[in-house]
Amino acid sequence: MINKDLKITLILGAVFTIILSAVCLLIEPVCALITLLLGGVLTGVFVWQTKKRYNKLSDLNNYLSAVCSGNYDLKISENTEGELSILSNNLYKVITILKSQNEMLIADKTYLADSLADISHQLKTPLTSMMVMTDLLKENNQPEKRDEFLSIIEGQLDKMKWLITNLLKLSKLDAGTADFKREPFSIKVVIEQSIKPFLVTLDLKQIELINSVEDFTFTGDDGWTAEALGNIIKNCIEHTDKNGRLEILSSRTSLYNSIIIRDNGCGIANEDLPHIFERFYHGKNSHSDSVGIGLALAKTVLEKERATVAVKSEVGVGSEFEIRFYNAIV
C-alpha cells in the first residue's frame, strides 16, 4: 500500500504534467510529448526516492520496536551520506549505550543476589551458634557453664555487629553517599588511630609491633583512612601466629609517599593473591572468623582517597601490603 503523502505527491505530479502537456500541445505536439515524458520521469524519480526514504524510516521504526522488546543484537550502522544515515548512526550509538547499561544492570542484579546470599550465609553461622547456646542455657544451671555460653554468645554478637557495620559502610561507598573530607592530616597520627583498637589483641598474641613510620602529610579524610589501614592491620594480625611480628614503616619517592604493613604470618597462596580484595572471598589460609569484607572495604576506601594498595606474599614467610598516597594525580 502506497503511503498517503506519497499518493498525494503522485497525483499532483500527474495532474501538473498533464496540464503542462496540454498547454504545450497547443503550441507544438513534439514539445507536449517531451513535457509528458519529462514530467513522468521526474515524478517517478521523486516517488522512488520518497518511497526509499520512507522504507528507511520504516526500518528504523522496526528496529526501535525490536529494541523495546529486548532485542539489542540488530545493527543499523551506515557509512553513507545523508540525514537519515546520520540519524541511523546516532540511533545505533544510543542503542549501544542502552545495551551496555542494560548489561550493567543485569550484572548488578546478579552481584546483589550473590552478595545477599553471602551475607545470609555469614549471618546464619553466628545466629545458629547463638540459638544453640540459648537452648543450652535453658537446660544448664551451672554458673560456670552459663558464663561460658554467655561469652560465646557475646563473641558472636560482636562478630555480627562488625559484619553489619562494615556492610553498611560498603553500601554507603557504593552508593556514593559517604562523605569524604579533603583536609591535610598527619599520617603518623592516623597510623596510631588504626593500631589502637588492636593493642589488646597484639598483647594477648604476644605479637611484636614495630612502628617506624616517618611522618608525612596527606590531603584526604583521616577517619576513612584510619578505617582502611585498620582493616589491613586486622588482617595481618589474624594471619600472624603467637610471638610473631607486625612491622609498619614508610617510604618516599618524588611521586608518592607509601605505608608498608608487613607481617611474618602464614602468607597468602599465589592463586589467592589476585582475589583477596574481592568481597566475601576466602583463601586457603583465611582465618576461621573471617567474613571476607575487611580488605574489600580497605581497597574501596583507598581508591576513594585516590590512593592504591598492593600486596606481596609468600606462604610460610608472611605478607606485605603497600599503600601509596600520590602527591599528584596525572
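Biologist: What share of the contacts in the protein with a separation of 6 or more comes from residues 24 or more positions apart?

Modeller: The share is 68%. Keep in mind that this is a predicted model. The chain has 330 residues, and buried ones make up 34% of them.

Biologist: How many helices and strands does the protein have?

Modeller: There are eight helices and seven strands. Let us start with a sheet.

Biologist: How do I read the strand order of the open sheet?

Modeller: Read across the sheet, strand by strand. Here five strands run in the order β2-β4-β5-β7-β6. The pairing is mixed.

Biologist: Which strands are at the edges?

Modeller: β2, residues 208-212, and β6, residues 307-314. Each of these edge strands pairs on one side only. From one strand to the next, the twist averages 15°.

Biologist: Which helix packs on the sheet and touches β2?

Modeller: Helix α5, residues 187-195. Then take helix α7, residues 222-238. Helix α7 lies across β4, β5, β6 and β7 and runs at about 170° to β7.

Biologist: Which residue in β5 is the bridge partner of E247?

Modeller: R262. E247 itself is found in strand β4.

Biologist: Is E247 buried or exposed?

Modeller: Compare its relative accessibility with the cut-off: buried means under 20%. E247 has 17%, so it counts as buried. Leave aside its neighbours within four places in sequence, and E247 is in contact with I210, I260, I261 and R262.

Biologist: On to helix pairs. What describes two packed helices?

Modeller: Two values do: the angle between their axes and the distance between the axes. Take α5 and α7. Their axes come within 8 Å and cross at roughly 50°.

Biologist: Which residues make the contact between α5 and α7?

Modeller: From α5, V190, I191, Q193, S194 and I195. From α7, D222, T225, A226, L229, G230 and I233. By class, that contact has six nonpolar, four polar and one charged residues.

Biologist: How should I think about the spacing of residues along a helix?

Modeller: An α-helix has 3.6 residues a turn, so residues three or four places apart point the same way. Look for that spacing when you inspect a contact list.

Biologist: At what angle do α7 and α8 pack?

Modeller: About 150°, with their axes 8 Å apart. This crossing is left-handed. On the α7 side, the contact is made by W224, T225, E227, A228, N231, I232 and N235. On the α8 side, G294, L295, L297, A298, V301 and L302 take part. The class count is eight nonpolar, four polar and one charged residues.

Biologist: Why is α8 described as largely enclosed by the rest of the structure?

Modeller: Because eight of its 11 residues are buried. They are G294, L295, A296, L297, A298, T300, V301 and L302. The buried residues of α8 pack against α4 (143-175), α7, β6 and β7.

Biologist: What comes just after α8?

Modeller: R306, which takes a positive phi of about 65°. It is not a glycine. R306 lies in the loop between α8, residues 294-304, and β6. At 52% relative accessibility, R306 counts as exposed, because the cut-off for exposed is over 50%.

Biologist: Where is N243 found, and what is its phi?

Modeller: N243 is in the loop between α7 and β4. Its phi is positive, about 65°, although N243 is not a glycine. With a relative accessible area of 53%, N243 is exposed.

Methods:
Residues are numbered from 1 along each chain as its sequence is written. This is a predicted model: local features need pLDDT of at least 70, side-chain atom pairs count only at pLDDT 80 or more; totals for chains, interfaces and linings use all residues. Side-chain values use heavy atoms; hydrogens and water are left out. Two strands pair if DSSP finds at least two bridges between them. Helices (H or I, at least four residues) and strands (E, at least two) are DSSP runs, numbered from the N terminus. Axes are lines fitted to C-alpha atoms, for helices over the stretch in contact, and angles run from 0 to 180 degrees between N-to-C directions. Contact means heavy atoms within 4.5 Å. Ala, Val, Leu, Ile, Met, Phe, Trp, Tyr, Cys and Pro count as nonpolar, Asp, Glu, Lys and Arg as charged, and the others, Gly among them, as polar. Buried means under 20% relative accessible area, exposed over 50%, partly exposed in between (1.4 Å probe, protein chains only). A crossing is left-handed if the near helix is turned anticlockwise from the far one by less than a right angle, and right-handed if clockwise.
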